[in-house]
Structures are given as C-alpha cells and as structure tokens.
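I opened the model to look up a few spots. My notes follow, entry by entry.

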Amino acid sequence: MPHLELIDVSKAFNGVYAVTSMNLKVNEGEFVCLLGPSGCGKTTTLHMIAGFEAPTAGKVLLAGKDVTNFRPNQRGLGIVFQTYALFPHMTVAQNVSFGLEMRRVANAERERRVKKALDIVHLTEYKERYPRELSGGQKQRVALARALVIEPPVLLLDEPLSNLDAKLREVMQIELRRIQQQVGITTVMVTHDQAEALSISDRVMVMEKGKATQYDTPLKVYENPQSPFISTFVGKANMLRGAVLIEGGKYFACIAGMKLALDIDRYEGQRPGPGQEVILSLRPEKLCFAEPGLGIFDAQVKEKFFFGSQWHYTVTSPLGTLTVLQPNDGRQPNDVGDNISIGWGESSLRIVPNPENLDVVAAT
Ligand SMILES: Nc1ncnc2c1ncn2[C@@H]1O[C@H](COP(=O)(O)OP(=O)(O)OP(=O)(O)O)[C@@H](O)[C@H]1O
Ligand SMILES: [Mg+2]
C-alpha cells in the first residue's frame, strides 16, 4: 500500500484547472520530486496534499486512509515553505520547539526532540541565535528542523532551496537527502530545477500544464523521456525529425538524406512502421568529435563556450545546428571554424514518443 496516494485529483480556480486528474503513489520512506515549469500546478498539488486547498475532484489517501476532507492540522504533515516563515522574535530552539508546544508535548520530551532535530540539521551550536543572525542555508535548516521535530508521517517541501546561491544549494541538496535517509521520512518536494530533481529523488513526477506526464526514476526520466517536452526540459537534447526505415529487421532513421542506426530496443512505445515520421533526440553529451571523415558525418564548429568541467559547442552539420558537450580533459579545445566530424555510440539516437503529435523541427 502506498504511504501517500492521490487518485484523480483535480483543482480548478474560478473554473480554470490548475491541476487535472493527478495520480501519484509515494511509498513509505520514498523521496519524490514534483518537477515542472512555473505555473504547471506543483504548489497547488502540494497544498492539496497538505490540506490547504480542497480538491475540486479526486481523493487524497494517507496510509490508505481517505483524508480528502481533513483540515491541515488533522493531517499533521511537516511543511517547509520557500520563504522559511521563521518567527523573527524567537531563537532557533524556540522556533523548532513551537510546533511541539502547540501540540502540548511535555517539557522533557520537547527538549529531547528539539535537541535531536537540531543535531540532525547540524545547528546545535546556533540554538540561541535569532533568525536575523543566520545565513540563508542555516535558516533553511531551521525550517527543516521545525518540520521534522513533529515527526510527521510525510514531509512536504516547496522549493526549499530556491533562495540559496548555487554553491550552497548544491551542499544543501546533499544535506537534505542525507537527512531524509537518516530519518527515513516519506518526502514530496517541489522544484522547477531538473538537476536538483534528478540528484535528490528516488522518483520524479514531471508535470506540464496541470498534468502529470511521466513518473519514473531519475535515470529513466533522463534516458527514456516520454515526450519531446520532457526530452528538453530534463537535460538538453538535439531534437530532430526523420522517417523510419526498416532493413533486415534493423531500424534506421532517415534524416537529411542520411541513414542513421536507431536504438529501437530502448523504445517503450508502439514500434513505428516503415516510412513513419518520428521525432528523435540526441543528447549533446553523447556526441563526440572525431577527425574529418572518421565520424558519422562532417561538421564545422560554429560557437564554443567554456563551462569549467565541460566545453559547450554548437556545430553546423547536415542535420542542422547541433549542440555538443565535451568534457574538459585539460587539452586545447577545438576552435570556431574547425572542420571536425561527429560520432556517437550506437544507442544514442532515440525515438521520442510524441503523445500530443507536436511539430518539432529545430535542434534545440
Ligand atoms: N488561489 C489561486 N487562485 C487562482 N488561480 C491560482 C491560485 N493558485 C494558483 N493558481 C493558478 O494555478 C496555476 C498553477 O499554480 P501553482 O502555484 O500550482 O504553480 P507552480 O507549478 O507551483 O508554479 P511556480 O513554479 O511558479 O511556483 C497557475 O496558473 C496559477 O496562476
Ligand atoms: Mg509553486
């Protein structure tokens, strides 16, 4: 039985649907991210789980029990908002203790639990400080301790790291995952940052325009995206259009007059027939440079950008402009204008399911 379940949950504001028929199952101890662009309904979904918004239709189950009509305090879930919402006039320890006082937990027990929560988030030394005396990351950890201390059945996090600078954000992602695993708490986190969702969660729910579009492990979402939108929203992708050719049981894509081998075994949809138009994806980091004449086709370097660990190139090729990412191995990079050729491993050219029959033409 899932620990948390949404069954066909929808929410309309003034007749306009923000979330449509959302189904979600989260197992006990699992870390799930709701990932999608701004306005796709992530916060609305989280608020329906917490009880801040009543669904227009559908059910919310907690440990098998229908809690759809329960108020937030009856559900007792731990919530961390984007803004932290700490009490400015209370110390760190008082902020963390507050939820326990509201629940009339006895003094000794309260002290024990506050101490444990502060210990988990590494803030014991800061317990007498006020929020204004803390850094962004420390405030974020107080908010987390305050949610954990009530020992909720589910922890809900709405973009908890979005106020932090890039470096601290990365540190806190690892920290958050460590704490979640240590406590073993079922967690649903909202983020619009695909790298964050991939690195932190057991499963990712991709959302688009109020709908759940794919629910899979991070690796599956990245390697087998179920729509052109997911291909480009989760990671980067060169999107191409081609027609299917089948020869001797082998699948090829005909693109710009070239016959390119396809990895059909990894394709989970209904197999396309000969001549069928399909959308294809080539991940930029799966392409590599070779000497002219030695790769699959020749190309010319159009632009180059340095990202520290990687070089980001655009190249002019018979398939159009392609993005190519190459690891920075310390050697001299290719220059704009260089003639090169492009190669890739056998399974890198993939058909992307196109449930909405989108017209995708350009490489992005
Ligand atoms: N109380 C409300 N009244 C009317 N419309 C609302 C309300 N809350 C949300 N919406 C609308 O519902 C849609 C989804 O909003 P939601 O806040 O869930 O998006 P989100 O995915 O969390 O976006 P973001 O990443 O920007 O936080 C948006 O179009 C928003 O304008
Ligand atoms: Mg939101």
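This is a predicted model: local features need pLDDT of at least 70, side-chain atom pairs count only at pLDDT 80 or more; totals for chains, interfaces and linings use all residues.

Entry: Phenylalanine 98 has 25% relative accessibility, so I log it as partly exposed (buried is under 20% relative accessible area, exposed over 50%, partly exposed in between; 1.4 Å probe, protein chains only). Phenylalanine 87 is also partly exposed, at 27%.

I count 7 aromatic pairs in the structure (rings of Phe, Tyr and Trp, its six-membered ring, with centres within 6.5 Å; planes under 30 degrees apart are stacked, over 60 edge-to-face, the rest tilted). Phenylalanine 87 and phenylalanine 98 are edge-to-face, because their planes stand at 65 degrees, with ring centres 4.8 Å apart. Phenylalanine 98 sits in helix 3 (92–102), phenylalanine 87 in the loop between strand 6 (78–80) and that helix, so the pair ties together parts 11 residues apart in sequence. Helices (H or I, at least four residues) and strands (E, at least two) are DSSP runs, numbered from the N terminus.

Next I took phenylalanine 297 and tryptophan 344, an edge-to-face pair with 5.8 Å between centres and 70 degrees between planes. This pair joins strand 16 (residues 297–306) to strand 19 (residues 339–344), 47 residues apart. Both phenylalanine 297 and tryptophan 344 are buried. I also noted a cluster of Phe289, Phe306, Trp311 and Tyr313, linked by ring pairs.

**Entry: bookkeeping.** Residues count from 1 along each chain as written, chains are lettered from A and ligands numbered from 1 in written order. Local features need pLDDT of at least 70, side-chain atom pairs 80 or more, while totals for chains, interfaces and linings use all residues; side-chain values use heavy atoms, without hydrogens and water.

**Entry: arginine 350.** Arginine 350 lies in strand 20 (residues 350–352). Is arginine 350 buried or exposed? I find it buried, at 9% relative accessible area. Leaving out residues up to four places away in sequence, arginine 350 touches Glu223, Leu262, Asp263, Arg266, Ile279, Leu280 and Ser281 (contact: heavy atoms within 4.5 Å). A polar atom of its side chain lies 2.7 Å from the backbone oxygen of serine 347.

**Entry: ligand 1.** Which residues are around ligand 1? I list Phe13, Ala18, Pro37, Ser38, Gly39, Cys40, Gly41, Lys42, Thr43, Thr44 and Glu159 (a heavy atom within 4 Å). Helix 1 (residues 42–50) gives the largest share of this shell, 3 residues. A polar backbone atom of glycine 39 is 2.7 Å from a ligand 1 oxygen. In threonine 43, a side-chain N or O atom is 2.8 Å from an oxygen of ligand 1.

Terms used:
A polar contact is a pair of N or O atoms within 3.5 Å; within protein, one must be able to donate a hydrogen and the other to accept it, and residues adjacent in sequence count only if both atoms are side-chain atoms.
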